[in-house]
Amino acid sequence: MPHCIVEYSQNLEQEVPPVDLLEAVKEACIASTLFTEEDIKLRSFPYKSFITAGKEDAFVHVILRMLSGRTLEQRKQLSHLVLEALTQFSLKDVSFSVEVCEMERDTYAKKVVLSQ
């Protein structure tokens with residue numbers, strides 16, 4: 001855990017490869033000391049249509065979904081580390097945001113099916 005979902009405006013692909021955004025998020029999650037690299041799940045989703053305040057403004061929004069049980073301070077630290085990692089790219093006129101969402105441990109279900 002966590003599931004890290006990087007949503008971004010597709011026009012940013014000209015400036016930074018999506019895999020670089022994923023790597024930055026992963027490194028921030030590791031730096032938080034809340035997770036090991038093996039636990040981190042990353043994926044990205046580009047948006048080709050987007051409007052903010054009436055115009056097409058570039059954006060990167062990261063959703064960090066993790067099991068409940070972390071303190072507010074831990075979640076705040078994680079979101080700030082991820083935000084800091086994203087702003088290290090030399091991107092201009094971009095809105096960055098990070099959202100930490102808790103998944104209830106009691107209702108979370110997971111099953112890994114492996115080939116035989």
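Mentor: Gladly. Let's start with charge: in this predicted model, the chain carries 13 positive and 18 negative side chains, and the centres of these two sets are 6 Å apart.

Trainee: What makes a side chain count as positive or negative here?

Mentor: Lys and Arg count as positive, and Asp and Glu as negative. His and the chain ends are not counted.

Trainee: How do you know how many disulfides the structure holds?

Mentor: The structure holds zero. A pair of cysteine sulfur atoms has to lie within 2.5 Å to qualify. For C4, the closest cysteine sulfur belongs to C29 and is 3.8 Å away, so that pair is too far for a bond.

Trainee: Why are C4 and C101 both called buried?

Mentor: Buried means under 20% relative accessible area. C4 has 0%, so C4 is buried. C101 has 16%, so C101 counts as buried too. Across the chain, buried residues make up 38% of the 116 residues.

Trainee: What makes T33 stand out in its backbone?

Mentor: T33 has a positive phi of about 65 degrees, yet is not a glycine. Most residues other than glycine have a negative phi. T33 sits in the loop between α1 (18-31) and β2 (41-47).

Trainee: Is T33 buried or exposed?

Mentor: Exposed: the relative accessible area of T33 is 68%, and the label asks for over 50%.

Trainee: Which value of phi does D93 have, and where is D93 found?

Mentor: D93 also has a positive phi, near 55 degrees, and is not a glycine. You'll find D93 in the loop between α2 (72-86) and β4 (94-103).

Trainee: What is the peptide bond from M1 to P2 called?

Mentor: That bond is cis, with omega near 20 degrees. Most peptide bonds are trans. P2 lies in the segment before β1 (3-9).

Trainee: Which pattern does the chain follow along the sequence?

Mentor: Reading along the sequence gives β-α-β-β-α-β, with two helices and four strands in the chain.

Trainee: How much of the chain's contacts join residues at least 24 apart?

Mentor: Among contacts between residues at least 6 apart in sequence, 79% join residues at least 24 apart.

Methods: Residues are numbered from 1 along each chain as its sequence is written. This is a predicted model: local features need pLDDT of at least 70, side-chain atom pairs count only at pLDDT 80 or more; totals for chains, interfaces and linings use all residues. Side-chain values use heavy atoms; hydrogens and water are left out. Buried means under 20% relative accessible area, exposed over 50%, partly exposed in between (1.4 Å probe, protein chains only). Contact means heavy atoms within 4.5 Å. The place of a charge is taken as NZ of Lys, CZ of Arg, CG of Asp or CD of Glu.
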